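User: I am new to this structure and would like to learn how to read it. Could you walk me through some of its features?

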Amino acid sequence: MTNVRNLICTFKTQFIVIAFALSSQLSAEWDALNMTKGATEISREVYDLHMLIFWICVAIGVLVFGVMFYSMYAYTKKKNPVAATFHESTKVEIAWTIIPFLILIAMAVPASKTLQTMYNDEAGDINIQVVGYQWKWQYRYLEDDVNFFANLTTDLDEIYNKVPKGENYLEEVDEMVVIPVGKKVRFLITANDVIHSWWVPAFAIKQDAIPGFINTAWTIVEEPGIYRGKCTELCGKNHGFMPIVVKAVEQNEYDSWIAEKQAAAIAMAELTEKDWTAEELVARGEALYTTNCVACHQVNGQGITGIFPALAGSEIVMNDKARNIEILMEGVQGAAMNSFSYLSEVEMASVITYTRQSWGNAQNGDGEIVAPKDIVEYKKNKI
Amino acid sequence: MSAVIENHHNEHDHHGPAKGLKRWFYTTNHKDIGTLYLWFSFAMFLIGGAMAMIIRAELFQPGMQIVEPEFYNQMITLHGLIMIFGGVMPAFVGLANWLVPMMIGAPDMALPRMNNLSFWILPFAFFVLLSSLFMEGGAPNFGWTFYAPLSTTYAPPSTTFFIFSVHIMGASSIMGSINVIVTIMNMRAPGMGLMKMPLFVWSWLITAYLLIAVMPVLAGAVTMMLMDIHFGTSFFNAAGGGDPVLFQHIFWFFGHPEVYIMILPAFGIVSHIIETFSRKQLFGYSSMVWAMLSIAILSFVVWAHHMFTVGMPLAAELFFMWSTMLIAVPTGVKVFNWIATMFKGSITFETPMLFACAFVVLFTLGGFSGLMLAITPADFQYHDTYFVVAHFHYVLVPGAIFSIMAAVYYWIPKWTGNMYDERLGRLHFWLSFIGVNVTFFPQHFIGLAGMPRRVPDYALQFADWNMVSTAGAFLFGFSQVFFLFIVVKTVMGGKQATDQVWEGARGLEWTVDSPAPYHTFSVPPKVS
């Protein structure tokens, strides 16, 4: 008997534990189903607006559908064989025109106020230019002369289901945008090729990146942390593969990060003077090719027939060094090939040399390398 | 009126349809052309649906499984274009062809030869569009909204064919609209004043004006693209001094009225069905007409709510937010009128009524999410996410498409003379109803949680609901093959329908025989 009672008792506690775990999990999952509250005052205001409108809609829905479902239930032909004959009432029509109108005004007032705050486009403490490319983002810190690209780091094998997917699948990049907390950061958003859109849900910022336009958005992040976002305007093949990752840190950490980036830029400039061997350039070039070129020209340099030309066996890549440099520096007018002039001299030389040495191009062509000095020379001649 | 019907019985014997295929190629009969439009749109609906299945299958799990991103983008583009221009619009034109002359007591459409032409150029338009799938570089891959410069400088070579096919579709729509307007304005039976017209006729009159107003704008947009691609202009190319945002303004000036082109006829259909099965006169006829007119006029001043994130000035954002919210007022009036019609009615739930009730609830749900999207600051979070996908599929699938299905069940006894199988019809309704909600309701969640639209792959937190959505999509997809079966079965045979068909049905089309003779109302009826 006691055994049975004990058993029931254990069941009870287990049940309570399970129920509790379930409900907390449910509420966690519920958060994952709704808009984020985010990490800024603005994002919380937007969330509140969203919930306000949501509950107003729910209330209207309950009322309207309530009457409708009641009619469907109470006025079936069985219960009400003869229909009423009323079919118009100007008073009722006026009432249900004016009441919704008043509700709408109640919605529009707070929405307009929030919008006004968001549209404050005064300069920030820190101003970062964001440039969308097919399919990566470039960040330029305008005051500190820091400049880098952020590429997706998720492995192709993860995407093609050959290995298990990591925790931040499709939401991880090689360089995060670092910003300090508590400071007004303004983003100046534009694009180099097609339209992209820069979205970080935690900041309630979504601004289209449009070639020829500079759109602004600002934020003051309160808590240090990593905030992930995505490109939200269809921008071609890899639209789903150009995430945004922002890391908010304390001011001192931010300062040392800036110093580090500046030192690295100086070191890179010094490398330009060095005499390079083909092997050194190819080694550097391969990684650059993977992040910058593979999406179109493919790993095997074959491109995609009819859209992106092959580099393997290309006459220009094999034998026409000058034109090769020119294409990389200026892009091709009227085609998807953009200028890559933002690459450093070393990077530019490495990636060109890589394409000239790979896929049998060295054997079939002149096999010459392009050195960083050649790029410096090109830039001089152009001026 | 019986005298009228006698009259065309005699005529029927020596003036029937031509034999064989010629009947369909040469026909100038509004009923034949209506049938052609309806079958064509059904075929396009199934092709566009197959593309949706490919899209949902790829999204079943995170990771790339069955297609490459390049092809995925072609699928979303063609799915959108085919469903809008090939599915919903021709279906409504087909219904207009069948019903407008019969509802106003006219013998045929006013311009029968143009009617033939406006249909027969459509298959060519879609042949051109679909053939681009087999061209070098693939089909258009820039989304049905084809934003420049993705659709110009960066587009595949097949874009030129896409432009050509859009031109043909536009020409077809404009001819169809002119025909509808001329018919309604000139061929109403004596005594049928404008404010006595059936609401479906009213809804189509307004729709036709919208089409004539905006189709040329779309034609202008694609022509400017053509110039940019082939003739060295820079309308949308920033590097040449052009403006990519200009494209979006032009596109959505067409695009927003286009949205109402796809829903106004649905308003007309649903009004008739609710009235019939509630056995009670429609509540607030004149306010329904005014509501549709207000919606149509407002549709010209709200376009930029599709573009809240392009960086417009504050004043513009506020204007488009307020004007968009205003649309909720006339739309609300319509919903209230439908419910007031049902209130104290004597209701039965045959298949058309089931679809109409689902339309009222689910279209309103899509309206609510539309209202949320109008709130600009919140739109910054919703824009271009699955929340938007959920929103417009709610107004287009259980909205426009449910209304078309309701119309088919409602009028098919008149068209074929046979009753459809009520049990199968109800089964089809419930499968579609469950399928559509399982597909699109979870998309609200994944959108709010942060999943962008038009991506072939997604982060892991969106996996569960995507799986549910795909399951719903396949249920919905297969239910439509079942619909095809029901329609074919009804065309082949079934219980003989009476002339009135439905106990509560009112209107001229229910006074002619079932099936409706090849020629109706050769002598106009008198409308009191």
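Analyst: Happy to! Let us begin with pairing: two strands count as paired if DSSP finds at least two bridges between them. In this predicted model, strand β6 (residues 196-200) of chain A pairs with β7(A) in the antiparallel sense, over five bridges.

User: Which residue is the bridge partner of Trp199(A) in β7(A)?

Analyst: Trp199(A) is partnered by Lys206(A).

User: Is β7(A) covered or open, and which way do its residues point?

Analyst: A residue counts as buried if 20 or more other C-beta atoms lie within 10 Å of its own. By that test β7(A) is mostly covered, with five of its five residues buried. Ile205(A), Gln207(A) and Ala209(A) point one way, while Lys206(A) and Asp208(A) point the other way.

User: Where does β7(A) stand in its sheet?

Analyst: The sheet is open and has five strands in the order β4-β10-β9-β6-β7 (chain A), with mixed pairing. β4 (177-180) and β7 of chain A are at the edges; each has a single partner strand, so one side of each is left without a neighbour in the sheet. On average, neighbouring strands here are turned by 25 degrees against each other, direction ignored. Helix α5 (residues 251-271) of chain A packs on this sheet and touches β4 and β10 (244-249) of chain A, its direction making about 135 degrees with that of β4(A).

User: In what order do the strands β3, β2, β1, β5 and β8 of chain A form their open sheet?

Analyst: Their order is β3-β2-β1-β5-β8 (chain A), and the pairing is mixed. Its edge strands are β3 (146-150) and β8 (215-219) of chain A, each pairing on one side only. The twist from one strand to the next averages 20 degrees. Inside this sheet, β1 (residues 126-133) and β5 (residues 185-191) of chain A pair in the parallel sense over seven bridges. One of the residues to look for is Val131(A), whose bridge partner in β5(A) is Thr190(A).

User: Now helices. How do α11(B) and α13(B) run relative to each other, and why?

Analyst: Angles over 145 degrees count as roughly antiparallel. Helix α11 (residues 285-298) and helix α13 (residues 328-342) of chain B pack at an angle of about 150 degrees, with their axes 8 Å apart. They are therefore roughly antiparallel to each other. Their crossing is left-handed. Contact residues include Ser287(B), Met288(B) and Ala291(B) of α11(B) and Pro330(B), Thr331(B) and Val333(B) of α13(B). The residues of this contact divide into five nonpolar, four polar and one charged.

User: Is Phe336(B) buried or exposed, and why?

Analyst: Phe336(B), which lies in helix α13 of chain B, is buried because 23 other C-beta atoms are within 10 Å. Phe336(B) and Glu317(B) are 19 residues apart in sequence and 30 Å apart in space, C-alpha to C-alpha.

User: Finally, how many residues of chain A are in contact with chain B?

Analyst: There are 78 residues of chain A in contact with 80 residues of chain B. On the chain A side, the elements giving two or more residues are α1 (2-33), α2 (41-74), α3 (90-118) and β7 (205-209). The largest share, 14 residues, comes from α3(A). By type, the chain A side divides into 43 nonpolar, 24 polar and eleven charged residues.

Conventions
Residues are numbered from 1 along each chain as its sequence is written. Chains are lettered from A and ligands numbered from 1 in the order in which they are written. This is a predicted model: local features need pLDDT of at least 70, side-chain atom pairs count only at pLDDT 80 or more; totals for chains, interfaces and linings use all residues. Helices (H or I, at least four residues) and strands (E, at least two) are DSSP runs, numbered from the N terminus. Axes are lines fitted to C-alpha atoms, for helices over the stretch in contact, and angles run from 0 to 180 degrees between N-to-C directions. Angles under 35 degrees count as roughly parallel, over 145 as roughly antiparallel, 65 to 115 as roughly perpendicular and the rest as oblique. A crossing is left-handed if the near helix is turned anticlockwise from the far one by less than a right angle, and right-handed if clockwise. Two residues are in contact if their C-beta atoms, placed from the backbone, lie within 7 Å. Ala, Val, Leu, Ile, Met, Phe, Trp, Tyr, Cys and Pro count as nonpolar, Asp, Glu, Lys and Arg as charged, and the others, Gly among them, as polar. A residue is buried if 20 or more other C-beta atoms lie within 10 Å of its own, exposed if 12 or fewer, and partly exposed in between; C-beta atoms are placed from the backbone.
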